Amino acid sequence: MTDEPATVRPDRRAELAAGLARVRARIADACAAAGRDRAEVTMIAVTKTYPAGDVVALAGLGVTDVGENRDQEASGKAAEVAAAGVSPRWHFIGQLQRNKARSVVRYADVVHSVDSVRLARALDAAASAGRDRPLDALVQVSIDGDPARGGALPDSADPDRGLGPVAEALAGAGGLRLAGLMAVAPLGWEPERAFARLAEVAARFRERHPEAGALSAGMSGDLEQAIGYGATHVRVGSALLGMRPTLR
């Protein structure tokens with residue numbers, strides 16, 4: 001560990017502050033347009049490929065929720081940020097392999113990408129053994145129902161990938177708490193179409209799981225449409241932090 005994460009260049013802090021102001025204004029405008037309370041929407045700063053110092057700087061600017069996509073990067077970054085005396089709420093939002101469950105439950109506060117019963121069981125076992133409180137979990141939904149891509153299938157009775165079985169596995173898990181749904185707009189779909197479909201799925205889902213009200217949807221390019229259709233969490237990377245460095 002080094003002290004580097006706690007040190008952020010003043011010009012970078014200014015860049016982050018400007019990006020944060022722009023994103024917060026967009027969220028506020030979108031909430032106003034939808035007739036929603038701004039407090040209903042949480043911004044998750046997606047910091048994949050960005051250094052721990054950016055997380056520390058964002059925390060100093062009032063950001064409380066941070067998202068990561070890859071355990072290999074996230075586990076080390078979370079440790080660096082903690083060493084700098086900062087403790088954001090960590091969201092794991094990328095595809096998760098079962099063999100990474102034990103690592104992820106050590107630092108994540110929320111996992112957004114549970115899309116199979118097998119993954120739910122692996123996370124439950126890891127959380128029960130490695131945490132002192134339940135881990136919040138969201139079911140990742142496939143909006144277009146394509147089984148070749150990630151996401152539980154809303155209109156399927158598949159015992160591993162169907163939305164109903166995955167949700168029931170999370171709801172019945174002692175080490176997890178079913179918190180809601182997550183989705184990504186499919187490539188080639190207009191955001192309005194994608195999030196309208198997601199809102200339909202979410203409405204039916206909440207009839208059975210009224211306590212699981214989180215809806216994680218929308219990113220830098222489509223957060224307004226997502227908020228218009230009920231998103232409670234938006235995942236913002238490039239609009240907040242600038243263009244991403246080359247993936248390592």
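The following legends describe close-up views of a predicted model.

In this predicted model, local features need pLDDT of at least 70 and side-chain atom pairs count only at pLDDT 80 or more, while totals for chains, interfaces and linings use all residues. Residues are numbered from 1 along each chain as its sequence is written, and side-chain values use heavy atoms, with hydrogens and water left out.

**View 1. The buried residues of helix H6 (residues 163–171).** Helices (H or I, at least four residues) and strands (E, at least two) are DSSP runs, numbered from the N terminus. Leu163, Val166, Ala167 and Leu170 of H6 are buried, a term that means under 20% relative accessible area, with exposed being over 50% and partly exposed in between (1.4 Å probe, protein chains only). These buried residues line one face of the helix, because they fall within an arc of 95° when H6 is seen down its axis; the arc is that of the directions from the helix axis to the C-beta atoms. They pack against strands S4 (110–114), S5 (135–140) and S6 (176–182), and against helices H5 (117–130) and H7 (191–208). Contact here means heavy atoms within 4.5 Å.

**View 2. Pro165 in helix H6.** Pro165 has a relative accessible area of 25% and is partly exposed. Leaving aside neighbours within four places in sequence, Pro165 is in contact with Val117, Asp158 and Pro159. From C-alpha to C-alpha, Pro165 and Pro191 are 27 Å apart in space and 26 residues apart in sequence.

**View 3. Ser113 in strand S4.** With a relative accessible area of 1%, Ser113 is buried. Its side chain reaches the backbone oxygen of Gly94 at 2.5 Å. This is a polar contact (a pair of N or O atoms within 3.5 Å; within protein, one must be able to donate a hydrogen and the other to accept it, and residues adjacent in sequence count only if both atoms are side-chain atoms). Not counting residues up to four places away in sequence, the residues that Ser113 touches include Phe92, Leu119, Leu138, Gln140 and Met182.

**View 4. The largest pocket, lined by 26 residues.** On a 1 Å grid over the protein atoms alone, a pocket is an open set of points where a 1.4 Å probe fits, with protein on both sides within 12 Å along at least five of seven lines; lining residues have an atom within 4 Å of a point. About 690 Å³ of space lies in the largest pocket, a volume being the space filled by probe spheres set on the points, which are joined across faces, edges and corners. Asn69, Gln140, Val184, Met219 and Arg235 lie nearest the centre of the pocket. The lining divides into 11 nonpolar, nine polar and six charged residues. Here Ala, Val, Leu, Ile, Met, Phe, Trp, Tyr, Cys and Pro count as nonpolar, Asp, Glu, Lys and Arg as charged, and the others, Gly among them, as polar.

**View 5. Thr49 in the loop between strand S1 (42–46) and helix H2 (52–60).** The phi of Thr49 is near 75°, a positive value in a residue other than glycine. Most residues other than glycine have a negative phi. Thr49 counts as buried, at 5% relative accessibility.

**View 6. Asp222 in the loop between strand S7 (214–216) and helix H8 (223–228).** Asp222 is buried, and its relative accessible area is 11%. Not counting residues up to four places away in sequence, Asp222 touches Ala185, Pro191 and Phe195. The C-alpha atoms of Asp222 and Glu190 are separated by 9.4 Å, although these residues are 32 residues apart along the chain.
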